[in-house]
Amino acid sequence: QVQLVESGGASVPSGGSLRLSCVASVSNAARIHIHSMGWFRQAPGKQRELVATINHSTITDYAEFVKGRFTISMDLAKNTVDLQMNNLTPGDTAVYLCHASSSIGVPYWGRGTQVTVSS
C-alpha cells in the first residue's frame, strides 16, 4: 500500500556531504495519509537507530549524534523526505532506511541505501 524508495547513498571521504532522498508511493491515497517520515540507520553488527524524523507539522527530532550536521526536510504534498548530511565521519557508515508512519500509526520501511564514509 505504501512503497518507500531511497536514493542518494554513496561512498564519500570523511568531512564530505551527501543528500538522501526518499519517495513514498501510496497506492490508496484516499485511505492512507502519511503523518510523518524519517530516517533510521543500521551499521553492521549494530541495532537500527533513529537518525531524524519530521511530521506533518514540520516538527523535527534528531539523534544527538547528528545534531548540527544533518538536516531533515519533507514535502508532504509529494510524500518525499530528504536528509542533508554534512561533515560525515566514518561513524556515519551504515545502511540508511527511510521510514514513514500513517495517520493511524502504521509503519512502513524502505529497503535502504548504503552510505560509506572513509577516513
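Which residues are linked in a network of salt bridges? I found Arg41, Glu49, Arg69 and Asp92 in it. A salt bridge here is a side-chain nitrogen of Lys or Arg within 4 Å of a carboxyl oxygen of Asp or Glu.

**Ground rules.** I'm looking at a predicted model, where local features need pLDDT of at least 70, side-chain atom pairs count only at pLDDT 80 or more, and totals for chains, interfaces and linings use all residues. Residues are numbered from 1 along each chain as its sequence is written, and side-chain values use heavy atoms, leaving out hydrogens and water.

**Fold.** I looked up the elements next: the protein chain has 11 strands and 0 helices (DSSP runs, E of at least two residues for strands, H or I of at least four for helices, numbered from the N terminus).

**Salt bridges.** I counted 5 in the structure. Arg19 pairs with Asp82, with the closest N and O atoms 3.3 Å apart. Arg19 sits in strand β3 (residues 18–26) and Asp82 in strand β8 (residues 80–85), so this pair ties together parts 63 residues apart in sequence.

I checked burial too (buried is under 20% relative accessible area, exposed over 50%, partly exposed in between, with a 1.4 Å probe and protein chains only). Asp82 is buried at 17%, while Arg19 is partly exposed at 42%.

Arg41 is buried at 6%, and Glu49 is partly exposed at 30%.

Lys67 bridges to Glu64, also with closest N and O atoms 2.8 Å apart. I noted Lys67 as partly exposed at 47% and Glu64 as exposed at 63%.
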